[in-house]
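Good morning, and thank you for joining. I would like to talk through the aromatic rings of one structure, and the charges placed over them.

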Amino acid sequence: QVQFVESGGGLVQPGGSLRLSCAASGFTFSSYSMSWYRQTPGKERELVARILPSGRTENYADSVKGRFTISRANAKNTVYLQMNSLKPDDTAVYYCTSPSVVDGRGNGYWGQGTQVTVSS
């Protein structure tokens, strides 16, 4: 069974940092790209960052470039999101997923997410 378990969120002041982790299971982690998304109430999920299986290529949303870094540890089936210089606009629930890992009906798998709140 495919599972994603996100952790590491919390309340942080503007300018602060957080490191999110996502433990994946139920598929061959090292063979698939991994992505972080975020969502705020009333809005669609936004792609934040993506990393290829080898970890050598990363893509970021313009809003987080230069502040966030995605990485992965294939030996641990874990993907990370280091978030620096956080802004109130970064407040959201953060999710990880692998876009190419889907069920028999073509639906993706999502974890419960982890809440990030940036506020003074």
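There are 5 aromatic pairs here, where rings of Phe, Tyr and Trp (its six-membered ring) pair if their centres lie within 6.5 Å, with planes under 30 degrees apart counting as stacked, over 60 as edge-to-face and the rest as tilted. One of them is Phe4 with Phe27: the ring centres are 5.7 Å apart and the planes stand at 55°, so this pair is tilted. Phe4 lies in strand E1 (residues 3-7), whereas Phe27 belongs to the loop between strand E3 (18-25) and strand E4 (34-39), so the pair links distant parts of the chain, 23 residues apart. Strands are DSSP runs of at least two residues, numbered from the N terminus.

This is a predicted model: local features need pLDDT of at least 70, side-chain atom pairs count only at pLDDT 80 or more, and totals for chains, interfaces and linings use all residues. Residues are numbered from 1 along each chain as its sequence is written, and side-chain values use heavy atoms, leaving out hydrogens and water.

Phe29 is buried, with a relative accessible area of 2%. Phe4, Phe27, Phe29 and Tyr32 make up one aromatic cluster.

Finally, the charges. The charged end of Arg72 sits over the ring of Phe29, 4.5 Å from its centre; the criterion is NZ of Lys or CZ of Arg within 6 Å of the ring centre and within 35 degrees of the ring normal. The charged end of Arg19 sits over the ring of Tyr80, 4.0 Å from its centre.

Conventions
Helices (H or I, at least four residues) and strands (E, at least two) are DSSP runs, numbered from the N terminus. Buried means under 20% relative accessible area, exposed over 50%, partly exposed in between (1.4 Å probe, protein chains only).
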